[in-house]
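Thanks for coming. Please look at the sequence and the model on the screen, and I will go through a few places in turn.

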Amino acid sequence: MDIYEIGEVHVSTNGGNAWIPLAQFSETSAGWQEEEIDLTPYLGHVVRLGWYYGLFSLDTVARPGWLIDDVSVTVTNVPTGTVLVTNNLFQANFTLSGPVSRTGQGVSLLLTNAPLGEYTVTFGPVAFYNTPAAQTNTLDSTNTLVLSGQYTFADANSNGMSDAWEMLYFGSLTPGRTPVTDTDRDGVPDLAEFMAGTDPTNATSFLSLLKPVSLSNHAVRLFWPAAVGHGYRVLGSTNAANWDPLTDWIRASVTNTSTTVSGLTNSSSYWFKLEVRP
């Protein structure tokens, strides 16, 4: 009268918020049965293991359920190395597969304690750019394996802007459109608008910092309209001549982006500017 009776082993890498099935058992054993499950893909991470038992039956007879005993986790002295994935676009996304698999976005992903073996990185498409080819190489020692991709674009008129981007906004490729051409006359050259992801035909679309908000302890909250996926960094100066980075690079996940800059001096004036990378 049993419809099903199963036992499953799961692993969680985020404190039990989500569970990944590792193995399933659906047959009754005549006694204790030893099982071994490979956790190598999760090496270097804090994980939780979970056991799940399910029974659906039309019979009311009691069942012994799933009995578990003598659970142990063994880590062998297997040599590991480092895998570094890099590319030239903050907008990029990519997938690393091999003895361990990861997804990433932005310009880099560093994977330490990686098991030795063959790894492949596959890059995702980015608008107006040519996607790098997938790369495969072998991590065969404790050294660092670097897998690097370079996004490119066609540029028939050699002005630093993607031909596909120019065709979308201007409908043509002309030799007269140079890196300093400002089609919408908003004070921002078309090349800068290409880099920032703004509209070069709309004079209200350009990258700029909005009015800052002063906070306590010489801190300031800065806001700007962002292009999702682009990278931004805030620079500061007390004389508008010498500029220093005040933040690390920030990859925008929403169109309204902000950051807090702290540790400013008691200078009577402070200037900020925004740096962007596509």
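Phe-128 sits in the loop between strand E8 (117-123) and strand E9 (135-139). Phe-128 is not a glycine, yet its phi is positive, about 75°. For background, most residues other than glycine have a negative phi. Phe-128 counts as partly exposed because its relative accessibility is 30%. The scale is this: buried is under 20% relative accessible area, exposed is over 50%, and partly exposed is in between, with a 1.4 Å probe and protein chains only.

Before I go on, this is a predicted model, where local features need pLDDT of at least 70 and side-chain atom pairs count only at pLDDT 80 or more, while totals for chains, interfaces and linings use all residues. Residues are numbered from 1 along each chain as its sequence is written, and side-chain values use heavy atoms, with hydrogens and water left out.

Ala-240 is another residue other than glycine with a positive phi, here near 60°. Ala-240 is placed in the loop between E13 and strand E14 (244-245). With 40% relative accessibility, Ala-240 counts as partly exposed.

Next, salt bridges. How many does the structure hold? It holds two. The term means a side-chain nitrogen of Lys or Arg within 4 Å of a carboxyl oxygen of Asp or Glu. In general, side chains of opposite charge can pair when their charged atoms come close.

Arg-177 is in the loop between helix H1 (163-170) and helix H2 (190-196), and Glu-166 is in helix H1, so the pair ties together parts that are eleven residues apart in sequence. Are these two residues buried or exposed? Both Arg-177 and Glu-166 are buried.

Glu-275 and Arg-233 form a salt bridge too, with their closest N and O atoms 2.9 Å apart. This pair links distant parts of the chain, since Glu-275 is in strand E17 (residues 271-277) and Arg-233 is in strand E13 (residues 231-237), 42 residues apart. Glu-275 has 27% relative accessibility and therefore counts as partly exposed.

Now the largest pocket. Its volume is about 1800 Å³. Of the 46 lining residues, Val-9, Glu-35, Glu-36, Ile-37 and Trp-51 are the closest to its centre. Strand E1 (2-12), strand E2 (20-25) and strand E3 (48-57) are the elements that give two or more residues to this lining. E1 gives the most, four residues.

A pocket here is an open set of points on a 1 Å grid over the protein atoms alone, where a 1.4 Å probe fits, with protein on both sides within 12 Å along at least five of seven lines; lining residues have an atom within 4 Å of a point. The volume is the space filled by probe spheres set on the points.

Strand E1 also holds Tyr-4. Together with Phe-56 and Leu-58, Tyr-4 makes a nonpolar surface patch of about 320 Å². Such a patch takes residues with over 30% relative accessible area and no salt bridge, and joins nonpolar side chains within 5 Å. Tyr-4 counts as partly exposed because its relative accessibility is 40%.

Pro-79 is in the loop between E3 and strand E4 (80-86).

Note on methods:
Patches are made of residues with over 30% relative accessible area and no salt bridge: like charges are joined within 9 Å, nonpolar side chains (Val, Leu, Ile, Met, Phe, Trp, Tyr) within 5 Å. Accessible areas come from the Shrake-Rupley method with a 1.4 Å probe; for residues, only the protein chains shown count as cover.
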